[in-house]
Amino acid sequence: MKLKRLRVENIRSYKELDISFDSGVTVVSGVNGSGKSSLLEACFSGLFGSKTLSTGFVLADMIRKGATTAALTLEFEQKGRDYVIEQGFRYNPKNDRASNTKSVFSVDGKILVDQATQTYEAVRALLNMDEEAYKNCVYIRQGEVDVLINAKTVDRQRMIDDLLQIGKLEEYRGRAGSARVAVGRLQRDLEGRMKDVTLEIEKIESTEPVKTLNGLKGLSNKSQDQLDELNKKKDAAKSKMDELTSKAMEHGGLTAKMDAANKEIAEFGTKKDSEFKLIETNREDIRSKRESVQKIKNENAAFEKEIGFTGEDINEVVVEKEKHERLTLDALNDSVNVYALAEKDLASEEKNRKETEKQILVIQQVAQKIKDEIGSTEQEIAKSTDSMKELEEKQNGAIENARILGFSVERLENIDDIMDLLKDQQTRLHGSEREVSTRIHELEKKIGTARELLAKGMCPTCGQDLKGSSIEETTAVDEEKISVLLSELLELKVKEGDIEGKLERVKKAKEYGKEIADHQKRSELVRNSLEASAKQLDGHKTRLAEEDKKAQELEGRRDELADTVAEIRKNIDTLKAREETARKEHAESKKILDSAKRIQNNLHETDRLTAIIEKLEGNIRNSMEKIEIIEGQIIERRERLHEIDEKLGGIDINELNMKLRMFETAHNNIGLEIEKLRREKEDTVKKIGHIENEIKRLSELHGNLKFLSNKRDYLQSAYMDAEALEDMYMRIRADLRARNIGALDALLNEMFSFMYSNNAYSHIKLDSDYNLTVYEKNGIPLEPKLLSGGERAIFNLVLRCAIYRLLALGGSGAAQGDGLPPLIFDEPTVFLDRGHVQQLIKLIDMMRDIGVGQILIVSHDESLIDSADHVFLVEKDPITNTSTITAK
């Protein structure tokens with residue numbers, strides 16, 4: 001596998017990045033915190049997405065601060081095919097969470113998958129490793145170089161087995177073992193079920209169900225014969241009961257007809273008596289109505305005398321009197337209306353007069369309030385004028401202070417630009433100071449190490465004599481460099497002091513500028529307030545003149561209304577007298593009209609009573625006719641009674657009822673006996689059904705037992721297969737691990753001998769559990785974790801490279817080498833002295849010579865940079881916190 005190109009947008013400190021990778025050794029350098037490791041993390045995340053996040057980190061930490069979207073595109077080549085992975089991310093500042101919004105995996109320009117999970121699985125299948133194996137083999141992250149030797153034995157076994165692609169065999173063995181245990185559990189369950197079925201079969205067979213079924217069927221047939229005989233007797237009794245019931249019903253019908261005839265005769269007699277009573281009542285009503293007619297005639301004679309009625313048409317008289325009454329009523333209403341209007345006008349004018357008085361009072365109050373506001377406004381104008389003078393004096397003082405510092409008013413407008421420029425100069429000087437200090441510190445450390453080596457006389461790594469070596473010359477040159485750098489550092493500190501002084505003056509001038517702007521703003525506010533107060537004063541005076549004019553107009557209106565009220569009061573007295581006269585005339589006319597209407601009503605009542613008398617006389621005639629008809633119906637019903645009595649003479653109803661009760665008793669007794677036999681037969685049928693179900697269940701149990709027996713044989717075979725499969729996976733895994741251990745042990749010792757020639761160590765031993773032991777030349781074993789920091793780091797790098805070589809060779813089930821990712825080192829020189837750095841370079845050259853096509857290294861070590869085929873420099877802008885990368 002070869003990385004070709006990486007493009008990122010808003011990933012960590014990179015706003016935009018587009019970098020291409022070539023074959024050979026590539027070193028990415030830069031100061032600490034510039035974003036070197038972020039470049040490798042971007043490649044890692046491009047392959048495996050969010051799975052690459054370390055513990056304690058979330059996806060939002062990967063997105064550049066202030067951005068809401070981010071993206072990265074990784075292009076690589078493997079086995080002649082081109083692959084592109086596009087990852088997109090979105091950040092939600094409301095909940096401070098990010099999500100993977102895009103994950104597209106393309107092969108030779110065609111999209112293979114387009115979901116994050118699918119992309120992850122596709123990359124894992126292509127590389128034959130997941131993100132954990134990637135970190136343990138090809139990507140040696142900063143601070144994780146000794147993960148393998150510091151891990152527990154079981155964890156180291158899992159890591160290396162997974163890398164060598166034999167970890168799956170343990171997974172398959174576990175699955176086979178789980179299957180074997182599951183089959184064993186099924187076998188035990190099956191034996192229990194077979195035991196239960198056998199016990200149930202024995203229980204049913206012990207009851208002899210077939211013999212019991214035959215006996216119950218014979219008993220059922222006997223019960224049915226008895227039921228048939230009793231049903232015949234019951235039907236005969238029922239037939240005789242029906243015959244006797246028919247005769248009893250015939251007797252009852254004739255009796256009912258006789259009772260009905262007697263009832264009708266009684267009802268007809270009652271109706272005849274009722275008609276006689278009705279006739280008497282009608283005659284009494286006629287006498288009463290005639291007396292009422294006479295009384296009305298006497299009353300009318302008195303009313304006719306009162307109004308002078310002489311016998312003309314009463315209806316015409318009433319019409320005439322109504323007309324006269326309406327005329328007097330209209331005259332009365334007119335008087336009342338005129339009086340009411342006068343009263344209303346009086347109330348309205350009086351109300352208007354009072355309202356005018358109130359308006360005059362309100363206007364006087366408003367005028368007084370306006371006068372008060374005029375006084376208050378004049379005071380505010382005087383106060384604002386004094387404030388304006390005070391602010392002008394303070395502003396002039398601040399301008400003079402700024403001028404003393406060398407800043408005019410016009411120059412103060414650009415004070416922020418001046419301050420930013422000085423801060424930029426200060427930042428650059430501070431960065432240069434840190435860089436010089438770092439170089440001095442590195443040179444001092446290097447000189448100290450060289451002096452220690454010179455004091456010992458020989459190199460502790462290779463054992464060579466240092467007398468006359470280049471280390472003495474290099475140390476002298478480094479000391480001269482330190483002298484020059486110290487001069488540069490002193491000069492930088494002087495410049496920093498000068499910049500700080502300028503910044504203090506600029507800050508003070510900025511404060512004066514802010515004070516001047518504040519006074520100008522406040523002066524403008526006071527000036528606006530003065531103008532507003534002057535306008536307000538003019539408005540108050542104009543309103544006062546308008547209110548005085550309104551008051552004069554309302555006072556004239558008030559006097560006019562007082563005269564109008566006096567005149568209306570005089571007219572009201574005249575109208576009141578006119579109303580009383582009209583009221584008396586209408587009362588007299590109304591009295592005459594009421595008497596005429598009373599005569600009219602009495603005449604109508606006389607006609608009504610006369611009509612009622614005629615109707616009552618007709619009712620009497622009708623009642624007499626009804627009485628004659630009723631007497632004829634009574635005679636007809638008596639003749640019918642005689643005929644019924646003759647028919648009833650031949651039937652003895654008592655004897656008939658006695659026989660009927662006797663047959664009913666016999667019928668009921670037979671029914672009870674039939675019901676008893678039926679229940680007995682139903683019980684027998686239920687027992688037959690139960691026995692038949694038992695026989696059916698017995699047949700099913702025999703079939704089930706046969707099925708379970710066959711299943712037991714099948715499970716026994718499956719158990720043996722699973723057991724054999726588990727053993728096979730275990731043997732294959734042990735065999736592959738033994739081969740890998742042998743191959744890895746040989747590679748480790750080959751590389752160890754190459755790296756540690758002429759050293760105190762003889763060889764490395766790798767046991768069957770991947771435990772590593774280093775042997776000194778005298779045969780004493782050492783644990784790798786007991787080596788010094790630099791020795792342990794080199795040892796771990798050798799182990800990682802040996803595993804990488806084994807994978808590249810494709811031995812023992814491992815992936816083929818042409819599919820491996822580039823070998824990646826993140827800050828591998830941490831804790832390494834100069835001698836160990838040279839060993840690291842030797843290891844890198846060895847990996848390149850054996851065919852590792854692409855090696856990526858992040859480091860700021862000059863030796864590694866000098867030995868690289870390609871070098872990139874990463875720089876970060878301290879103001880924008882943005883990283884950029886350039887090829888050197």
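How many residues does helix α1 have, and how far does α1 reach from its first C-alpha to its last? Keep that in mind while you get your bearings.

This is a predicted model, in which local features need pLDDT of at least 70, side-chain atom pairs count only at pLDDT 80 or more, and totals for chains, interfaces and linings use all residues. Residues are numbered from 1 along each chain as its sequence is written, and side-chain values use heavy atoms, with hydrogens and water left out.

**Stop 1: the whole chain**

Select everything and zoom out. The C-alpha trace spans about 175 × 135 × 45 Å along its principal axes. Its radius of gyration, taken over C-alpha atoms, is 65 Å, whereas a compact globule of 888 residues would come near 29 Å; that globule rule is 2.2 Å times the number of residues to the power 0.38. Colour by secondary structure and you will find 15 helices and 15 strands. Here helices (H or I, at least four residues) and strands (E, at least two) are DSSP runs, numbered from the N terminus.

Of the 888 residues, 36% are buried, where buried means under 20% relative accessible area, exposed over 50%, and partly exposed in between (1.4 Å probe, protein chains only).

**Stop 2: helix α1**

Now select residues 36-48. Helix α1 has 13 residues and reaches 19 Å from its first C-alpha to its last, close to the 18 Å expected at 1.5 Å a residue; the expected span is 1.5 Å times one less than the number of residues. Twelve of the 13 residues of α1 are buried, among them L39, L40, F44 and F48. Step on to G49, which follows α1 and has a positive phi, near 65°.

**Stop 3: I296 in α7**

Next, select residues 209-307 for helix α7, and pick out I296 within α7. I296 is buried, with a relative accessible area of 10%. Show contacts (heavy atoms within 4.5 Å): leaving aside neighbours within four places in sequence, I296 touches N602, E605, T606 and L609.

**Stop 4: T153 in α5**

Finish with residues 153-163, helix α5, where T153 is found. Is T153 buried or partly exposed? T153 counts as partly exposed, at 32% relative accessibility. Beyond its neighbours within four places in sequence, T153 is in contact with D769 and N771.
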